[in-house]
Structure formats: structure tokens, C-alpha cells
Protein chains: 2
Amino acid sequence: MLKEKYTQYSFLLDRTARRVKQYAQAAFAQKDFDITIDQWAILKVLYNDDPMTHKDLAEKCGKDQPTLTRIIDLLIKKELVQRVEHPDDRRCLQIMLSGNGKQKVEELTPAVAEIRMKAWSNLSEEDFAHFTRILNTIYNNLNQPI
Amino acid sequence: MLKEKYTQYSFLLDRTARRVKQYAQAAFAQKDFDITIDQWAILKVLYNDDPMTHKDLAEKCGKDQPTLTRIIDLLIKKELVQRVEHPDDRRCLQIMLSGNGKQKVEELTPAVAEIRMKAWSNLSEEDFAHFTRILNTIYNNLNQPI
DNA sequence: TAGCAATTATTAGTGTGACAACTAAAATAG
DNA sequence: CTATTTTAGTTGTCACACTAATAATTGCTA
């Protein structure tokens, strides 16, 4: 491979990831969802698998633990989730959706899907398959110590 | 297209972009480059096209202006770039590399290329072409007001 | 030419990301 | 059963992203 050519991907990747996030965030703001993209991602995971410990939730969401702690703090302020003690291990805290939280996920899910789909105009099923495969390969290539 | 399936890409995209950045940052730290990935990106652009105004530099780097202002502040502290006044427009400030900055770019370029290549193990030239095309398509799809 | 609009850069505020250091509790070794 | 190590979570610090608001300057227009 010619090196120079291949060092540009990181710019495109970063730029596109930010654009996707920013587009969705702007749509959330316009529709008064009163929640950020990252907060949404966490609610969505909890909706499917609830309760979960901080550690498991962080792993599932692909965030580190300090970041997760802070996002959960914000979600608690908004009364969308609760922290409850783990029955067997007093180090652990489990997170679960509140009634409000469940309702929020159910209300917003269709609109979020609509927003997310916008990215895939002019692209095919095959493109989607390529894209996810390549992203996962890159992730795994770098998912080791230097 | 089936919507549910296609709403997952944003998670993978975000996760991979963060991993790429974090991998490169860890490599920078290990080699004592004393600079962040985003700071590097700006130095690299300036090396090819120097001087540039804040506005043009922000656009070229895909960053917004407040972010750029702060990164430039940090680069000035490290004495890698300088701000100079625009000859014709006193609103504008132009940024140019210092001697140190130029030297830094020349020293680090090969090592950075090496680090960036790691992501492409197990992938082909064709994958690269797909990947950049799809990223650009997504970017353009979302590069309009909601 | 005086007044208003557009442009360039900065500052403030909030949210997120990475890393290091810390506390508390549990697991394990001796 | 005590002492050490490991694990779960939090806090602190710095860097970056996005929005809104602001200051300074320029350009336009009446």
C-alpha cells in the first residue's frame, strides 16, 4: 500500500462521525427532545437490558467508566434513570430506567430511526455491509496495546 | 430498507472514530510527541498551505471556529505557530508555522504515517475506496439544514 | 456620510472523552 | 483470619465540540 494515500482516512472518519452526531443533535433540539445523543444511546441500551451495572453498561455503550458516571448523573437529574444497589455486591450500582425513561424511549424511537436513516440516501444495502465490516475491522485492528 | 438494521451504524461509526483517535493519541504519548492528534492535523494543513486565516483553516480542518481558536492558543503556547495580522483586513488573523513548527512536522510525518497504517491490516485497496466513498456520501447527505 | 448589515474572531457555558488518582468493598494468598 | 491484591465506581484535570452571545471591523445603502 502507498502510505501517503492511506493516512487521510482518519480525517474523513473523524469529520463524518462528528457530522452524524451534530446532525442528529440538531434534529433532537429542533424537536425539543431535551436530551443529547449520548444520553439517548444509553437509554436505548437500558430499555433492552435493564438493570445493568455501570461497568456492563459502559462496555455495552463503548464508553469509559468516568464518562458513563457523568452521563448517568445527568440522566438522574432529568429523572429518566435511577441508581439502585446491587443485591450481592455492595461495590456495584445498577442502573434502571424510570417510568419517565421508559416512556421517553418509546416516544422517541420512531423519530430517531427517521433521523438516522437520512445518512443512507444514495447508498445501497451492499454499501451498508461493506461499511460495517470495515469499521469493525479497523476497530479490532486497533483494539490492542501499541 | 429495514430501518431498525440501519440505525446501528452511528454506534459503530462513533466507536471506531474514537478508537482511531485514542490509538493514535496513545502512540503519540508513548513516543513523547508532546502534541495532540487535533493539534497535529492543524500543523499538517499549515505545512502545506501557510499562512491561512482562522476561517479558512477551520474549514480546511473541518473544525468550528471556537474550537480552532483554542487549539491555536495551545499551539502558540508550545511555540509551534504564530498569529500575524492580515495586511488588508484588520478583522482577520493569519496563522503561520514557526521554525519549530515546520521542524516538528518534518520530524513526525513518517512516524504518524506508520501509526495510521495500522488500521488497514486485513483490508484491501478496494475496501479503502469503498470506505472513503461511503464516508463522503454520508457527510454530504447530512451536510444540509434539517 | 451616517447607519445598518454582514463578517471575523473570541468568550462563556454545557456536554463528552481520555487518563490518573482515589475510596470502598470484595477476593485471594499466606 | 489477617494482609495484600483486585475490582467498581467517583472525582479531578485537560482537551475538544457545539451553540449562543459579543466585540471589532468592513461593506453597503439611503
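**Surface and helix**

Tutor: The element that contributes the most to the surface near DNA strand D is α5(B), with 5 residues. Helices (H or I, at least four residues) and strands (E, at least two) are DSSP runs, numbered from the N terminus. This is a predicted model, in which local features need pLDDT of at least 70 and side-chain atom pairs count only at pLDDT 80 or more, while totals for chains, interfaces and linings use all residues. Residues are numbered from 1 along each chain as its sequence is written, chains are lettered from A and ligands numbered from 1 in the order in which they are written, and side-chain values use heavy atoms, with hydrogens and water left out.

Student: How many residues surround DNA strand D, and which are the closest?

Tutor: A residue is near a strand if one of its heavy atoms lies within 4 Å of it. By that criterion 26 residues surround DNA strand D, the closest being K55(A), T69(A), R70(A), T36(B) and T67(B). By class, this surface has 12 charged, 8 polar and 6 nonpolar residues. Here Asp, Glu, Lys and Arg count as charged, Ala, Val, Leu, Ile, Met, Phe, Trp, Tyr, Cys and Pro as nonpolar, and the others, Gly among them, as polar.

Student: Which parts of DNA strand D do the atoms within 4 Å of the protein belong to?

Tutor: Of those atoms, 73% belong to sugar or phosphate and the rest to bases. Individual polar contacts can be read as well; such a contact is a pair of N or O atoms within 3.5 Å, and within protein one must be able to donate a hydrogen and the other to accept it, with residues adjacent in sequence counting only if both atoms are side-chain atoms. A polar side-chain atom of R18(A) lies 3.4 Å from a phosphate oxygen of DNA strand D, and for the side chain of Q22(A) the distance to a phosphate oxygen is 3.3 Å.

Student: Which residues of α5(B) are buried?

Tutor: Buried means under 20% relative accessible area, exposed over 50%, and partly exposed in between (1.4 Å probe, protein chains only). An α-helix has 3.6 residues a turn, so residues three or four places apart point the same way. In α5(B), the buried residues are L68(B), I71(B), I72(B) and L75(B). Seen down the axis of α5(B), they fall within an arc of 105°, taken from the directions from the helix axis to the C-beta atoms, so they line one face of the helix. On the other side, R70(B) and K77(B) are exposed.

Student: What covers the buried residues of α5(B)?

Tutor: Contact means heavy atoms within 4.5 Å. The covering elements include α3, α4 (54-61), β2 (81-85) and β3 (93-97) of chain B. Just after α5(B), E79(B) takes a positive phi of about 60°.

Student: Where is S98(B) placed, and is S98(B) buried or exposed?

Tutor: S98(B) sits in the loop between β3 and α6 (99-117) of chain B. Its relative accessibility is 11%, so S98(B) counts as buried. Leaving aside neighbours within four places in sequence, S98(B) is in contact with E79(B), L80(B), V81(B) and Q82(B). A polar atom of the S98(B) side chain also lies 3.1 Å from the backbone nitrogen of G101(B).
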